[in-house]
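User: I have a structure open and want to learn how to read its features. Can you take me through some?

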Amino acid sequence: MVERGPVRVALEVTRQTENSKFVQTIRLSAGDAGNRVEFGNAIDWRTLAANLKVAFPLSAANEDATYNWDVGTIERPNAQERQFEVASHRWIDLTDKSGSFGATILTEYKNGSDSRMTIPSA
């Protein structure tokens, strides 16, 4: 536990493999802010001749996902079997078709992601 307060708790998990280090912080807040779980990832990627790709298995379902570009946003099909990577700049959003829940991935980098909301390393 790296944070245990009256309004938020946080757990930090550290993993290492092949000279790379992964530090994941999982946060849950009280009140309305507790309607979400935040995952923060700090990755020191030093593995040679390999790419890093992260996958987020989600229960949200929608035919389209929204991707941020410097000039605005774009919606692209999300559930097509042969959907290839789509460029994005700072965030990717998959809101369930009901509109009541979903997931947004925020990043400091320009990435590409595929229809399963997986993001390769920068």
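**Reading exposure, salt bridges and contacts**

Analyst: Start with Glu38. Its relative accessible area is 26%, so Glu38 is partly exposed. Keep in mind that this is a predicted model.

User: Which residue forms a salt bridge with Glu38?

Analyst: A salt bridge pairs a side-chain nitrogen of Lys or Arg with a carboxyl oxygen of Asp or Glu, within 4 Å. Here the partner is Arg36, and the closest N and O atoms are 2.7 Å apart.

User: How many salt bridges does a search of the whole structure find?

Analyst: Three. One of them joins the side chains of Glu3 and Arg8, at 3.1 Å from N to O. Glu3 is partly exposed at 29%, and Arg8 is partly exposed at 30%. Arg46 and Asp44 also meet through their side chains, at 3.0 Å.

User: Is Arg46 buried or exposed?

Analyst: Exposed means over 50% relative accessible area. Arg46 has 52%, so Arg46 counts as exposed.

User: Where does Thr47 lie?

Analyst: In the loop between strand 4 (37–44) and strand 5 (53–54).

User: Why does Thr47 count as buried?

Analyst: Buried means under 20% relative accessible area. Thr47 has 10%, so Thr47 counts as buried.

User: What is Thr47 in contact with, leaving aside neighbours within four places in sequence?

Analyst: Thr17, Glu18 and Ser20. Look at the polar atoms next. The side chain of Thr47 makes a polar contact with the side chain of Ser20, at 2.6 Å. A polar atom of the Thr47 side chain also lies 3.0 Å from the backbone oxygen of Glu18.

Technical notes:
Residues are numbered from 1 along each chain as its sequence is written. This is a predicted model: local features need pLDDT of at least 70, side-chain atom pairs count only at pLDDT 80 or more; totals for chains, interfaces and linings use all residues. Side-chain values use heavy atoms; hydrogens and water are left out. Helices (H or I, at least four residues) and strands (E, at least two) are DSSP runs, numbered from the N terminus. Buried means under 20% relative accessible area, exposed over 50%, partly exposed in between (1.4 Å probe, protein chains only). A polar contact is a pair of N or O atoms within 3.5 Å; within protein, one must be able to donate a hydrogen and the other to accept it, and residues adjacent in sequence count only if both atoms are side-chain atoms. Contact means heavy atoms within 4.5 Å.
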